[in-house]
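Reader: I am new to this structure and would like to learn how to read its features. Please take them one at a time.

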Amino acid sequence: MNNAKKLAKNNGVSKKQGGGSGSLSFVSSKNKVLAILGILAVIVLCAGVCYMQLRPRAVLIVSTTDENGSQKKDTVYMKEAVYSIYQIENQYSQYSSIYQQLYGKTYWEMEDVDGKGRSGASAAKKQVMDSLKQREILYMEAQKRGYSLTDEEIKTTEESVATTMKNFTDKQKKIEGLDEKTLKSEFKKNALVEKFRQILIKESGIDEEALKATVDKKEYRQYTLQYYKVSNQETSGEETKEVSAEQKQTNLTNMQALQEKAKTAEDFTKLLDDNDKTGIQYQTENLIKKDLKDSTFLNKKLRKQIMKMENDQISDIIEGDDGYYLIKMVNNDDSEAYDNECNSVVEAEQTKQFNAKYAEFAPSYVTEVQSYWKGRVKLGSYTI
């Protein structure tokens, strides 16, 4: 009976069972310790996750040994590769919609685009990495030989960064690697690499004038034309046929009206109204003497007639196999094609000599592509 009264007095808890205030204090302290340990565990876990997510990701390590036997190593991090990715994604994304229309796939999804089984995304990724490897080797070699940028050259790179960033969307500006600080560093590195490249080319002693002399100016004579055309053909499905006689006459009448307008117009390129619905289109054409055999512009007989035109002369209405033409001779001795070919010949020799110079020191560098690049980086939508 006394025990029962004691239990009732102590709210059903016997002192022998540890139900006193000391016991409650112990339990409370224990719970606090467990809570603190739990919070610490969460903090450590979050810190670990943040570190794994935010820590610099190496994508390439380039190393070499100097003449004293000391090893020099440069690490390229992911953020340093982002602008190169942006350039390649921006380049190929312009054609992606065309691939989609022709093949039902974007460029990035296309298979075997380089003849080696790579998809568009994989081929572009290799292109970026190959470029990064060469750039880093050239950068290290330039530094090794004591080259650097002048203050004026540094100022130019910073101006280029400002201009480049104007083309970024707000979302792109937030991508690590497309921020101003990283771009300034990358543009300076690229500028030093290009400076060193030009030094190597100059050292090779290329005779540009001698190379240009190998190009036949007569063969690269260019006839620059502006013209209007209205088609006398129409396409239905896969079939192409002549328009009706009535439509053909309408086309001729419209072109004759355009010809009359051209006689007094100050600008031949602006003969059509913005709301023109005649089907007439303005275009340009460059006839280059050496390529005339393969030209599909009109036919051989008509091309010969056109090439006899004087500068600024406007033709009569010409009936080609596919429509009516009104042509203006802009320049019957344009040097553009010749100049372009001269530049191509010089640039080809520069590339050849640069590759030879590069091959002299590149083997002394070892490049190691890192696992993050191999397994985690996918092109096609990284910056675009």
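Author: Start with two terms: helices (H or I, at least four residues) and strands (E, at least two) are DSSP runs, numbered from the N terminus, and two strands pair if DSSP finds at least two bridges between them. The model is predicted, with local features needing pLDDT of at least 70 and side-chain atom pairs pLDDT 80 or more, while totals for chains, interfaces and linings use all residues. Residues are numbered from 1 along each chain as its sequence is written, and side-chain values use heavy atoms, without hydrogens and water.

Reader: Which residue stands opposite Ile61 in β2?

Author: Thr75 of β2 stands opposite Ile61, and Gln71 of β2 stands opposite Thr65. Strand β1 (residues 58-65) and strand β2 (residues 71-77) pair in the antiparallel sense over seven bridges. Their hairpin has five residues between the strands, and among them Gly69 takes a positive phi near 90°.

Reader: What is the order of the strands in the open sheet?

Author: The order is β2-β1-β9, three strands with antiparallel pairing. β2 and β9 (365-369) are at the edges with a single partner strand each, so one side of each has no neighbour in the sheet. From one strand to the next, the twist averages 15°.

Reader: How are two packed helices described?

Author: By the angle between their axes and the distance between the axes. Axes are lines fitted to C-alpha atoms, for helices over the stretch in contact, and angles run from 0 to 180 degrees between N-to-C directions. Here the axes of α3 (residues 78-103) and α4 (residues 120-144) come within 10 Å and cross at roughly 135°. That makes α3 oblique to α4; angles under 35 degrees count as roughly parallel, over 145 as roughly antiparallel, 65 to 115 as roughly perpendicular and the rest as oblique.

Reader: Which residues of α3 and α4 make the contact?

Author: Contact means heavy atoms within 4.5 Å. From α3 come Glu80, Ala81, Ser84, Ile85, Ile88 and Tyr92, and from α4 come Ala124, Gln127, Val128, Leu132 and Arg135. α3 also lies across β1 and β2, running at about 60° to β2.

Reader: How many helices and strands are in the chain, and what share of its residues count as buried?

Author: The chain has twelve helices and nine strands. Of its 384 residues, 32% count as buried, meaning under 20% relative accessible area, with exposed over 50% and partly exposed in between (1.4 Å probe, protein chains only).
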